Amino acid sequence: MQGRTKVAVVYYSATGITYQMAVEAAQAAEEAGAEVRLRKVRELAPEEAIRSNSGWQAHRLETQDVPEVELDDLSWADVVIFGTPTRYGVMAAQLKQFIDTSGPLWSQGLLADKVYAGFCSTATAHGGQEATLLSMFNVFYHWGGIVVTPGYTDPSQFVAGNPYGGSHTSNNGETAPDSVALGATALTARRAVQVAEVLRRGRAAG
């Protein structure tokens with residue numbers, strides 16, 4: 001088997017909460033031995049909306065050097081981990097817009113048989129975390145992907161409580177991800193890498 005497992009962590013974040021989780025996912029994947037690309041999706045909001053929120057403006061400047069995702073990042077990866085804030089129980093429009101450009105890869109079967117996972121954040125408790133992840137998985141099923149979740153495979157998950165992926169309640173952006181949320185995100189990434197490596201070994205053998 002040649003090379004390391006390739007992981008793309010693709011996220012949208014307005015004020016930095018989901019970005020912190022994306023960084024944790026990327027670091028965990030690297031520690032698991034993967035080659036990682038951390039990529040943000042393109043911002044769609046108008047300038048006046050961004051400038052009206054100091055946290056949004058500051059985060060955009062903070063992450064200006066993070067590359068924007070391209071379709072090539074999806075075709076390159078063995079594993080794709082998506083991160084998003086919740087918008088009414090579904091992913092943010094910015095991430096959905098990027099996903100909607102993936103048709104050329106999907107039609108050629110280039111998104112099938114990859115490992116996919118996700119993480120998310122909400123402003124309030126019970127704000128649609130599980131619904132967001134489950135709706136995101138619908139995309140992966142259409143692609144023919146292999147969905148990997150943290151489940152309850154580690155004792156920490158009985159504290160985190162979300163078997164579908166890493167998640168966090170930010171209290172309207174005031175509370176940064178804690179060790180529980182970051183731990184669940186890291187576990188999600190590690191499991192995605194582990195499953196991808198098992199699949200790669202199986203394909204190489206046969």
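**Close-up 1. Thr185, tucked into helix H9.** Thr185 counts as buried, at 2% relative accessibility (buried is under 20% relative accessible area, exposed is over 50%, and partly exposed is in between, with a 1.4 Å probe and protein chains only). The residue belongs to helix H9; helices (H or I, at least four residues) and strands (E, at least two) are DSSP runs, numbered from the N terminus. Leaving aside neighbours within four places in sequence, Thr185 is in contact with Met21, Ala25, Phe119 and Gly166, where contact means heavy atoms within 4.5 Å. One thing to keep in mind for every view is that this is a predicted model: local features need pLDDT of at least 70, side-chain atom pairs count only at pLDDT 80 or more, and totals for chains, interfaces and linings use all residues. Residues are numbered from 1 along each chain as its sequence is written, and side-chain values use heavy atoms, with hydrogens and water left out.

**Close-up 2. Leu187, also in H9.** Leu187 sits in helix H9 and is buried, with a relative accessible area of 7%. Not counting residues up to four places away in sequence, Leu187 touches Pro150, Thr153, Asp154 and Gln157. Ser107 is another story: 80 residues from Leu187 along the chain, with 31 Å between the two C-alpha atoms.

**Close-up 3. Helix H9 along its length.** How far apart are the end C-alpha atoms of H9? They are 38 Å apart, which agrees with the 39 Å that 27 residues should span at 1.5 Å a residue; the expected span is 1.5 Å times one less than the number of residues. Buried residues of H9 include Ala181, Ala184, Ala192, Val193, Ala196 and Arg200. The buried residues of this helix pack against S1, H1, S3, S5, H8 and S7.

**Close-up 4. Helix H1 and the glycine after it.** H1 has 15 residues and reaches 22 Å from its first C-alpha to its last, close to the 21 Å expected at 1.5 Å a residue. On its buried list are Ile17, Thr18, Tyr19, Met21, Ala22, Ala25, Ala26, Ala28 and Ala29. Gly33 follows H1, and its phi is positive, near 100 degrees.

**Close-up 5. The nonpolar cores.** A nonpolar core here is a set of buried Ala, Val, Leu, Ile, Met, Phe, Trp, Tyr and Cys residues joined through side-chain atoms within 4.5 Å. The largest has 29 residues, and those with the most contacts inside it are Val10, Leu74, Phe82, Leu95, Phe140 and Trp143. Strand S1 (6-11), helix H4 (71-76), strand S3 (79-87), helix H5 (93-99), S5 and H7 each supply at least two residues of this core. H7 gives the most to it, with 6 residues. Zooming in on Leu95, its contacts are Val10, Val41, Phe82, Gly83, Thr84 and Met136, not counting residues up to four places away in sequence. A second, separate core of 25 residues includes Val7, Tyr19, Met21 and Ala186.

**Close-up 6. The largest pocket.** The largest pocket holds about 450 Å³ of space. Pockets and cavities are found on a 1 Å grid over the protein atoms alone: a cavity is a set of points where a 1.4 Å probe fits but cannot get out, a pocket is an open set with protein on both sides within 12 Å along at least five of seven lines, and lining residues have an atom within 4 Å of a point. Grid points are joined across faces, edges and corners, and a volume is the space filled by probe spheres set on the points. Of the 21 lining residues, Ala14, Thr15, Arg87, Ser170 and Gly173 lie nearest the centre. S3 provides the largest share of this lining, 3 residues. By class, the lining has 7 nonpolar, 13 polar and 1 charged residues; Ala, Val, Leu, Ile, Met, Phe, Trp, Tyr, Cys and Pro count as nonpolar, Asp, Glu, Lys and Arg as charged, and the others, Gly among them, as polar.

**Close-up 7. Two loop residues with positive phi.** Asp113 has a positive phi of about 65 degrees although it is not a glycine. Its place is in the loop between helix H6 (103-107) and strand S5 (115-122), where Asp113 is partly exposed at a relative accessible area of 49%. His126, likewise a residue other than glycine, has a positive phi near 60 degrees. His126 is found in the loop between S5 and helix H7 (129-143) and counts as exposed, at 83% relative accessibility.
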